[in-house]
Amino acid sequence: MPRCFYLPAALLPSSACADYRWNFPEPVTPIARDTLHIHNEFMLIITALFVVVFAIMIYSMIAHRKSAGRPPARFSGPAGGVQWFWVLVPFAILLLIDFVLMGIPAYRAVVDMEDTRTRADMVLKVTGMQWKWQYEYPDSGIKYISTMSTPREQIGNREAKGEHYLLEVDNPVVLPVGKKVRILLTSTDVIHTWWVPQFGVKRDAIPGFLRETWVRIEEPGTYRGQCAELCGKDHGFMPVVVRAVPEAEYLAWADLKKAEQAAAAGGTDRVWSRDELLVKGKDVYAKQCAVCHQANGQGLPPAFPALSGSKIVAGPLLSPAGKLMKDSHLDRVLNGKEGSAMQAFGNTLSDTELAAVVTFERNSFGNTGGDLIQPAQIKSLR
Amino acid sequence: MSTATTAGRDARPPAHGGRYRGGILRWLTTTNHKDIGTMYLTFALLMFFVGGAMILAVRAELFQPGLQLMKPEFFNQLIGVHALVMIFAALMPAATGFANWQLPLMIGAPDMALPRINNWGFWLLPPAALLLTLPFFLALFGIGDGAVATGWTLYAPLSVQGGIGVDFAIFAIHLLGVSSILGSINIIVTLFNLRAPGMTMMKLPLFAWGWLMTAFLLIATIPVLAGAVTMLLTDRHFGTHFFDAAGGGDPILFQHLFWFFGHPEVYILLLPLWGLVPHVVATFSRKPIYGYKAQVVSFIAIGVLSVIVWAHHFFTAGMPVPALLYFMYSTMSISLPLAVLFFCWIATMWRGAITFETPMLFALGFIVLFGVAGLTGLVLADVAADAQYHHSYFVVAHFHYALFAGGIMGVMAGVYYWLPKWTGHMFSEKLGKLHFWLTVVSFNLTFMPQFFLGLAGMPRRIPDYALQFAEFNAISTVGSFILGLSQLIFAYNIWRCVKGGEKAADKVWEGAEGLEWELSSPPPHHSWEIRPNFDNR
Amino acid sequence: MMSQDAPRDPTQVPTQKPAPPSPAAFSPEELARRRASSRRLAWLLGAVALGIYLVGLLFKR
């Protein structure tokens, strides 16, 4: 079975490898097609090298075995012009392979891959964070977070696993087909890597720096990938899902998304009731916080402290003057904690979500703070 | 005469009759290169099983999709500590054990040049291994959150964020590094100063040449790793910002420093074995080593190239196009000196009279499977295709072909080759052959599917995976358990051979050449009390 | 066969019995000289390693 490795998919009728289990998944961008092409070519070359070299070795093992009865030769190096010629030929071939057969296509592909700016139609900003992706469309002001939607019950084997187990999210990225999308990547905490195999694109998201790459998706469809750089405990659970749609559909989606965001932001101005905040807070907590602090608020100490009975959560919400206090509960949620996995949620959540989740945490898991904070207050504290 | 030949300036009086005191004190205080070599090799074997047990737990978790046995946090600890243990506590000590046992025998020296430093070099290892694994046990008592969970690469800022396991690993790496540097210094000065009269550098056995390059690489690169982890330590605890963009640092600086060490490290592990394999191949082909000078030049070329190609380990981190191209082409050029080695290995066999004893089988397995590693390494050098391979199981398979087939199987060839010399007994050839065939089949069963997993898009270091990867993972796990269990045959065979068995001749193998075969099997406690003369060879 | 002018290497089979080993080990003076030279080289190599380590201090903190 594994020896199929030496017969790259390029050699087989495409039906035999229809699901590409032996090779890269079906490419849908120019880069991925290039990459697959190069990969197949290289696999052919190294397979040929492997076969030729070890055929010679195996021939020698059989023909020059002791039981064949010939006395061993005594030579220990090439002697004379003819032998030197035959010694040098393999290295000439290898030079040709390295720097011409492999080197030239590789050069072309690299230059193409790194050309992110020429005729880019739009920009997508991807921000990695433990353990989800934030997508931002600077042109249209859309910004949202995408987290894995596979239920924990499936991971814990308490439920049957779905078709897209571990490769499904609540909010996929939506991109128009046929447009060159320049992708900017960064991170808020540790290094993540954004990878969609069918795009042939894999690029690190590095905190404090911008990296870039590009895609031009040629076929509508849903494409799935994963974070590829070890980024902590839930590294295996931060998938990337991209939905590629025709441009008209993309524009309609963008309008809808903008309207949704406006509606969500709208809640900032009104006064929320305690129950409203608790309901919304519970939802936000499940999506954003429960990964580390656990659904029951017990955390996973010492890396992820418990919120239940926490001194910080039990502390005062604001200073008597109504200002944000250093190292208070609200400060932690808004600004994170340096040197830990606790990130600055002030950057990623809306005022309403922040108010709701803080209120929820202060009044759950046996915490009886009893107080609440309004979205408008958060807005004024920013 | 005996005072001049005993190890060290603290030469003991002849009254001890060539043996030190018995018991634990002998091993703690020994300065004899054979004792120290034995300790290195025993330690390496022990840690090989420790590291192996860790990865079998990982493979068991990966047998089926879903989380069955462990939490992701613990999974991350196992993979990182497995790598650190296998690299620093199994493979490197094994090679150093070979050097200690064999170099003085092979160059006609009475002992290593610096016997007490030699003792230190070894005794730093057990505490280092303890530091590496202690956090696992501390966590059981509620102290800390387990061992280092960042993978062996310790990339900042993940490692800045990590728990006490990272600090333990940093100190373990310091100890291991000091041990390696002490060992390297000792090997260099021994090879420079204690060769038998008439043994010029170009008559040095290839094994010694391989180790010489390794020693120089260690001295050049271990301090860089030590510097990088020290910077990590100060970032973690003393408010520096080497790797923190918010303070003007750069997380990628860590990757540059780490791989400036990390890439040569691959050759550090492999060069002694590239030096060893020609001896084994020549012995069982009953022919002189082919292209001795070419191989020496290749060792030097690989050593030099290894320190200028590091960034191919993080192409996806993004760098300017000229840098990408430079690192791609310089990496590809390593294939040339490597091809010289392959050519010489096969030419050594050519028109010989080949037999297939266990050491030869392992050497041949090494050559073929390391060939897979070399060839896949060539395609990994290509920046565009690397975007698909990188961080995926393709890379995992590639470096296990390099470090298990190229590293561990090379070590096994060496152990079987020299074990009769060390113990004075023959091992069981039948068990040796069984060990070889089980190893080579189960190794491929374990790692060949991982190439396909990588191509299909499975990232490395994930505790759970999508359903499309299930079949290959199941096969790989089955293979890994056979692979792990068949190593017990290896341990049993060694134990049997130490205990007794058929008496080994001084020249154990018919076709063997070299000074070590002129001594008795086992060699006397003090080698070369009578100086060998190399003038006429 | 070209063994006559092929480069000699240490693992090559000697064509005749090896010359009998000279009876004396390294003389005490010779051994002392070699050990002293080893120690000097060892200090040098150690200093080089330490030097490389300390280069890290030049990075911006």
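Two strands count as paired here if DSSP finds at least two bridges between them, and helices (H or I, at least four residues) and strands (E, at least two) are DSSP runs numbered from the N terminus. With that in hand, look at strand 6 (residues 192–196) and strand 9 (residues 221–227) of chain A: they run antiparallel and are joined by 2 bridges. Trp194(A) has Cys227(A) in strand 9 of chain A as its bridge partner.

A word on what you're looking at: this is a predicted model, where local features need pLDDT of at least 70, side-chain atom pairs count only at pLDDT 80 or more, and totals for chains, interfaces and linings use all residues. Residues are numbered from 1 along each chain as its sequence is written, while chains are lettered from A and ligands numbered from 1 in the order in which they are written.

**The sheet**

Five strands of chain A make an open sheet in the order 4-10-9-6-7, with mixed pairing. Strand 4 (173–176) and strand 7 (201–205) of chain A each have a single partner strand, so one side of each is left without a neighbour in the sheet. On average, neighbouring strands are turned by 25° against each other, direction ignored. Helix 5 (residues 247–266) of chain A packs on the sheet, touching strand 4 and strand 10 (239–245) of chain A, and its direction makes about 140° with that of strand 4 of chain A. Axes are lines fitted to C-alpha atoms, for helices over the stretch in contact, and angles run from 0 to 180 degrees between N-to-C directions.

**The whole chain**

Chain A holds 11 helices and 10 strands. Its C-alpha trace spans about 95 × 50 × 40 Å along the principal axes. An automatic or database assignment sets the domain bounds:

| Domain of chain A | Residues |
|---|---|
| domain 1 | 2–66 + 76–114 |
| domain 2 | 122–154 + 163–261 |
| domain 3 | 270–381 |

The C-alpha centres of domain 2 and domain 3 of chain A are 27 Å apart.

**Meeting chain B**

Contact means that C-beta atoms, placed from the backbone, lie within 7 Å. By that rule, 84 residues of chain A are in contact with 82 residues of chain B. Helix 1 of chain A gives the largest share of chain A's side, 14 residues. That side has 47 nonpolar, 20 polar and 17 charged residues, where Ala, Val, Leu, Ile, Met, Phe, Trp, Tyr, Cys and Pro count as nonpolar, Asp, Glu, Lys and Arg as charged, and the others, Gly among them, as polar.

Note on methods: Two residues are in contact if their C-beta atoms, placed from the backbone, lie within 7 Å.
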